[in-house]
Every structure is written in C-alpha cells, then in structure tokens.
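Please examine the sequence and the structure before reading on.

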Protein chains: 4
Amino acid sequence: MNRKAELKRQQIIKAAYQAVSDKGYEAVTLQDIANYANVSKGVPNYYFQNKEDVLAHLLAQITERIYKKEKEAVEKETSAQEMLQAYINTVFVSPEENEKFYRVYLDFLAQATKNNRYREINARFYQNCASISKEILTQAKKENVFVVNDFETAGRAIRTMIDGYMIQWMMTGDHAQHRSYKQACYQAITTYLS
Amino acid sequence: MNRKAELKRQQIIKAAYQAVSDKGYEAVTLQDIANYANVSKGVPNYYFQNKEDVLAHLLAQITERIYKKEKEAVEKETSAQEMLQAYINTVFVSPEENEKFYRVYLDFLAQATKNNRYREINARFYQNCASISKEILTQAKKENVFVVNDFETAGRAIRTMIDGYMIQWMMTGDHAQHRSYKQACYQAITTYLS
Amino acid sequence: MNRKAELKRQQIIKAAYQAVSDKGYEAVTLQDIANYANVSKGVPNYYFQNKEDVLAHLLAQITERIYKKEKEAVEKETSAQEMLQAYINTVFVSPEENEKFYRVYLDFLAQATKNNRYREINARFYQNCASISKEILTQAKKENVFVVNDFETAGRAIRTMIDGYMIQWMMTGDHAQHRSYKQACYQAITTYLS
Amino acid sequence: MNRKAELKRQQIIKAAYQAVSDKGYEAVTLQDIANYANVSKGVPNYYFQNKEDVLAHLLAQITERIYKKEKEAVEKETSAQEMLQAYINTVFVSPEENEKFYRVYLDFLAQATKNNRYREINARFYQNCASISKEILTQAKKENVFVVNDFETAGRAIRTMIDGYMIQWMMTGDHAQHRSYKQACYQAITTYLS
DNA sequence: AATGAATGAGGGTTCATTCAT
DNA sequence: CATGAATGAACCCTCATTCAT
C-alpha cells in the first residue's frame, strides 16, 4: 500500500510541476494542482502536509532529476572537452524546457532567501552540481587540458556562469537567442578555465 | 504640493522595499507596506494605481539607484584595474545591503518571467550595467590591460558573474562568506578577461 | 449530488430574495445573503460565479415563478371576465407578498437600464405576461365581451396598468390601500378594454 | 453670502444629475459629482450633510422641474384635448432626455420603497401630477369631452399609464420605439377616459 | 482512500467622510 | 471657503484547509 501512496505522491508532484510552470509559483493553487493530476481537491492535502510541502517536494525532485540527467550525460563522454560540452548541452537543453524549468526554479531561488527548507534543498543541488564539475575538472587535469587546482572554486565558477547566463537568457524572453546564450556560456567557461 | 506628493511616494516605496525584503514579493500586502510607512491602509492606493504599480516603481527605483552608485564609483577611478575593483566593491557593498537588495531583486527576476513591465525595467538595468562594463573595458583597452574586442559579449559575461556569484552567496545565507564570494567574483572576471 | 447542489442554490436564492427585499439591491452584500441562508461567507461564491450571478438567478426565478402562478390561476377559469379577475387577484395577491416582490423587482428594473442581463430576463417576463393577456383577450373575443383586435397593444396596456398601479401603491407605503389600488387597476383595465 | 451658497448647491445638484445619469445611482461617487461640478472632492460634503443628502435634493429638484415644465405646457393650451396632448408631449419629450431622467428616477423609486425621505419627495411629485390631471379633466368636463366625476381616480390612472408606458419603453432600450410608446400611452389614456 | 462542500481568514480595492492647511 | 490628503470601514472574491461522507 505504501507503494501505491508513493505513486500518488509522484503523480501530484508531476502535476504541480506542470501547474507551477504554467501559472507561476505564486499564482498556482491546490485546485490547479489537483486538476492537472486529475484528482479531487482534497488529495494534495491528503498526501502532503500542506501546499508548501507539495512545493518543497517538487523543488527537491526537479533539482534531483536535473542533476541526474546532467551527471549521466557527462559520464557518457570520455574527454574533458566533450564532458564539458555535454554538461552545457544538457543544461541548455531547449528553450521550451529551460523556460519551464527556470521559471519554477527562479521562483524557488527567490523563496529560498526566506525559507530554510528551500534553501537546504538548493544547497544539496549546488553540491551535486559541484561534483559534476569536479569530475570534468579531474579528467581535464589528467588530459592536461585545463590545469585547475582548486576544484571547489572552479566548480563554483562554472555553476555561476551557467546560472548567470541562463537567467540573462530568461530575461530576454526570446527563444531565438537561446543558442547564442548557450555558446556564450560555453565560451566564458572555457575562457575562464584556460 | 507636487513636491510633497513626490516625497510621500518615496516614503511608500522605501517602506515597500523594507516590506518586500522582509516578507517577500508574493507574501507582502498593501497593509504591510502601509504599516512600514506608518500610514493607513488606503495610502498606497492613493499614491499608486494598485499594488503592482507600487512594486514596479520600487523595482525601477532600486535598479536605477544601484546603477547610479556603481557608475559614480567607477567614474571616480582612473585605471581600468581600479575601475573594475570599484565596480565589484560597489556591487558587493556589504552583506546587509546586498541581502536586502538581492532578496527583493531575485523576487523581481522571478516575476519578470511572467510580467512584461518588470522585464522591461530589468532590461534597462541590464543595459545600464553593460554601459558600465563598456567604460571599464574601453579604459582597459587604452591601457592594454585586458584586450577585449567584443564589448557586448564581455559586458554580459561580467554581469553574469556578478549576478551568479551574488545569488550563490545569497543561497549560503552566511554573511561571513560575503568577502570570499566577492573575491571569487573579482578573480573570475579578471581570469575571464585575461 | 447534483440534486443536493440544486437545493443549495435554491436556498441561497431564497436567502437573496429576503436579503434584497430587506436591504435593497445596492445595499445587499454577499455576507448578508450568506447570513440569511445560515451559511458561511464563501458559500454564495461557491455556488455562483459572483454576486451578479446570484442576483440574476434571483430575478430569473422570481419572474418565472410569478408568471407561472399567474398563468395557472388564469387557466383555471373559463370566462374572460373571471380570467381577468383571477389575473389581477394573483398579481395583487397580498400587501406583504407584493411589497416583498416589488421591492426586489423595482430594484431590478432600475438596474436593467444599465445591465443587459437583467434587461433580457425582464424582456422574457414581459413576453410571458403578454401571453397571459393574449389568452384572456382571445377568450373575451369568443365571448364577445371585449372586442380587441390588436392583442399586442392591449396586452401591453394591461401590463402597463398593473405595473403602474402596483408602483403607485408601493409609493404609498400603506398596506391598507392595497385593496383599493387593486380595484382601481381592475376598473382601469376593464374601462380601457370596453 | 447665503445667496452664493445656494448657487453652489445648485451647481452641485446639477452636476449630480449628470453624474447619476451617466454612472447610475449606485455607481456614482462623490468624486464623480465633484468632478462634474469642477470643484474639489470636499465640496459636496461641505454644502450637504452627506451623499444621501445630495441625492435627496437632486430627487426633489428634478421632480419639481419636471412638474413645472409639464404644468406650464398644459396651461399654454386651451382645449382639454390639446392640454392632454401637451401633457403627454412634455412627458415623452425625447428619447435622450427621457432616458436620462427615468434612469435616475427609477433608481429613486426603487430606493423609495426603503427610504422615507425619497418616498415623501415622490409623494409630493405624485400630488403635483394629480393637480395637472385635475386641470385637464376639469376643462374636459366643461367641454363635455371626457365626462369624469372622480378626478382623483382618473388622475391616478393617467399617471399610472404614463409611468407604466415609460418604464416599458425604458426596458426596450430602443430609442426608435419611443414615438410608438408615446402614442400608445396617449391612446390608452383617451380610451380609458372615453 | 477519496471526495468536494463548507469554512473563514485575508487579500486588493473603493470611497464616504473628516480635517489640517 | 475650499482643498485634497488621509483614514479606515466595508466591499467582493480567492483559496488553503478541514471534515463528514
């Protein structure tokens, strides 16, 4: 039975992702989430403590998924250059998906400044991202491509540029510029690492 | 009379700044703003069309102020190195002020993905920031310190790193690390430009 | 379940009838309606789109009910004279009921000049009233009592006098004069038709 | 000085007429009235006790004016037929003016069922209207055109038909039908009196 | 386990009224 | 006299949450 409950929770979180992406973090209602999940209004409250609890689980899940996708993509490659490229490609996957994810993620970042639960979830995400950078940089060192000693600092810089460029692209509101921001991001990172 | 009204509007915007910083964009109420301004509930609506109007004025004002401060600080200096240092110093002015500003600013960035008015205000801010970078890079070229040809791309990279590092620092929630993030940011920019 | 909901809607409309009759169309609040229905504040909004929706349903219902009552009463009779008498008797049913209904109905008439939805509901009511008059006049023609050829004109005249006398009686605010206004109305109509 | 004050009051009442006619009794605000009168927001409250006081004076004034106009028009004529015709012509003066006046007047009638002050003002208006009818009927008796003994009853019937037809016309919302309702009204009255 | 009716706090907004200037 | 800034009550409406079924 616990198995069934977990499925239901997944269904609700998935619906919440759609709902928040479409309506926005502040505009979304539990009714919206229930509608997207094709369940009745009381269900989200039945499977979660309250609205914030649903959204916190959503944040935890989407950051976890994104991380796994990025990690997988990077680990498929062998050379440092390819790994970095794969990383960036997976982050800048497509205008549509990026818009959807970052709309939600930006809302969470904004909330996280006042909400410790969100902050902690995001901290884990950052750590995970750092581990990806570390993998790439370790390989780069082996290959003697980028010679970086302080993995932590460089990893932070990489994520900084990814987030920074993504936000700047989001602010343009222009899908057509997605490719150029992606390239600029890749360029900036390699320039930085060289 | 118009003078007095302008002062009142300032008072309300200032109160809104405090209120949004404390409660967050979505949680703040007109009652909160009125309370922070020590006026009655109806006053914000008397001086502004509606809640969004108050907040849009707030965004416009804080971005404008930040820009002017940064510009002034940069223009006081003569060498490119000092200009960049002054820029970063002004951006990373203090944990307290940065926390206050970026709490509000992050909220607006999140909103801007769904609200054109905010998006436009932010676009102007980005342009202004680009003009500061340009000034620095122009001087750098003269001095032959950083040799950058594409000012736009480099300017974007600079702002990207500033925002990126600031957000990462915000997510730590730790005032003590402010200095180290500032240095990392400076380092990353100079590394990138070299 | 739908059955239950319909009952609830009826309950709210009935409460709205009382509330509007007591407080007036413009003065009545959703809170009033909720109070009269012995439900909480949110219920009217749960069963209806908004306040106007409640009131439009109220208008539609009371005009429909009045019409049906009048029609039934008229169709019970056989001679034209009796039919007319029954019509007038049903319209001028009692000071209490008339006061209640016309308080509400007058409010709606006043609103109808600015609100198309109300105007249309009233137009249907007028048509229904005209059909009653037509039935009476058709019978009268058979009996050779009143010889009227233009049913539409005469029907309009009948309703005109009914509404006109009723409003004049309302303005007296005097229940005791109800009978005399009813008689005057009947007299005026028969005089007009002869 | 009292003279000047009276002028100001007139100015406000006139503005209130325009404002109520345009916005409706329930929608009109003191700000609207002040705007139409080209005075500041505080003025209506300065010259009248409160909003209702303004509106009560408005009702008293417009009914008085209408009565005087009707009376004058009737007294210009000599024969009973012409007097009645002049009466009806003055009442049904034009679609525009009638719509303006009756929009306001209907609102007042609706209010009058719950507001004694309005009721009394309207009662005086009805008396005045009755006196006009009486004049006409007196002349008619002299001429042996309509032989009516009970002036009060007949006068009431006349006003009933006037109000009734006017309201029915208002409900059509159609300026083009104004003429036909006027004729129907005249016809109905003469039929009734014959 | 799931529903959805019901609650009621709290939001933004409007506006009559007051009152210092 | 006149202004219009300020007040705050009251409106409609939304929605998270509860709970009987």
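## Chain contacts and DNA surface

Chain B and chain C are joined by no contact (heavy atoms within 4.5 Å), and their closest C-alpha atoms lie 22 Å apart. This is a predicted model, in which local features need pLDDT of at least 70, side-chain atom pairs count only at pLDDT 80 or more, and totals for chains, interfaces and linings use all residues. Residues are numbered from 1 along each chain as its sequence is written, chains are lettered from A in the order in which they are written, and side-chain values use heavy atoms, with hydrogens and water left out.

Chain B, by contrast, touches chain A: the contact takes 37 residues from chain B and 33 residues from chain A. The area buried between them (accessible area, 1.4 Å probe, lost on being put together and summed over both) is about 3200 Å², and carbon and sulfur atoms give 60% of this area. B:E26, B:Q168 and B:M171 supply 20% of the area that chain B buries against chain A, more than any other three residues.

Two salt bridges (a side-chain nitrogen of Lys or Arg within 4 Å of a carboxyl oxygen of Asp or Glu) are counted between chain B and chain A. One of them pairs B:D107 with A:K114, whose closest N and O atoms are 2.6 Å apart.

DNA strand E is surrounded by 29 residues (a heavy atom within 4 Å).

| Protein atom | Atom of DNA strand E | Distance |
|---|---|---|
| A:K41, polar side-chain atom | base nitrogen | 3.2 Å |
| C:K8, polar side-chain atom | phosphate oxygen | 3.0 Å |
| D:L30, polar backbone atom | phosphate oxygen | 2.9 Å |

Technical notes
A polar contact is a pair of N or O atoms within 3.5 Å; within protein, one must be able to donate a hydrogen and the other to accept it, and residues adjacent in sequence count only if both atoms are side-chain atoms. Buried area is the accessible area (1.4 Å probe) that two parts lose on being put together, summed over both.
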